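Let's take a look at the salt bridges in this one. Here is the structure to keep beside you as you read.

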Amino acid sequence: MGKRTDVAGLSVTTVLQPGHTVLRLVGEIDLAEVDALRRAAHLAVAAGRDVLVDLGGVTFVDACGLAAIVGVRRVAHAAGLRCHLVHPSRPVRRVAGLTRSENALGWDLPARGRSTGPGRGRPSADHARRRPPTTRR
């Protein structure tokens with residue numbers, strides 16, 4: 001399994017896999033939780049592996065939380081590592097759309113029927129410019 005850290009409304013599970021480290025986020029990411037996310041990101045990068053951040057379990061995110069997620073990418077890139085943000089939940093997509101943060105997040109969303117992620121090559125330059133899928137109401 002992996003190491004799990006719980007802070008207030010956020011659970012961060014760190015799983016080492018061949019070639020990359022997975023940070024699985026579950027719960028809320030706001031000002032109270034950003035330090036825990038930053039610590040987990042620094043530890044993941046210190047392992048010297050590419051980082052995959054699974055956002056599928058995020059139930060709430062505010063601007064501080066979104067900035068912390070962008071910060072995970074920056075820390076990884078500064079260390080010469082790749083960082084993939086995958087499975088953004090509806091709240092993450094919504095706040096990213098409202099703040100126009102999609103480019104900074106560099107979504108790693110698979111095309112229908114295909115999968116992307118570590119070991120499958122770096123996303124193309126236009127990949128980061130695509131908007132996340134919108135949800136129907």
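R24 is partly exposed, at 33% relative accessibility; that label covers the range between buried (under 20% relative accessible area) and exposed (over 50%), using a 1.4 Å probe and protein chains only. Its partner in a salt bridge is D54, which is buried at 14%. A salt bridge here means a side-chain nitrogen of Lys or Arg within 4 Å of a carboxyl oxygen of Asp or Glu. R24 sits in strand β3 (residues 20–29) and D54 in strand β4 (residues 50–61), so this pair links distant parts of the chain, 30 residues apart. Helices (H or I, at least four residues) and strands (E, at least two) are DSSP runs, numbered from the N terminus.

Keep in mind that this is a predicted model, where local features need pLDDT of at least 70, side-chain atom pairs count only at pLDDT 80 or more, and totals for chains, interfaces and linings use all residues. Residues are numbered from 1 along each chain as its sequence is written, and side-chain values use heavy atoms, with hydrogens and water left out.

How many salt bridges does a search of the whole structure find? It finds three:

| Pair | Closest N to O |
|---|---|
| R24 and D54 | 3.6 Å |

R38 and D35 share helix α1 (residues 34–46), three residues apart, or about one turn of the helix. R38 is partly exposed at 41%, and D35 is partly exposed at 44%.

R82 lies in the loop between α2 (63–78) and β5 (83–86) and D50 in strand β4, so the pair ties together parts 32 residues apart in sequence. R82 is partly exposed at 22%, while D50 is buried at 13%.
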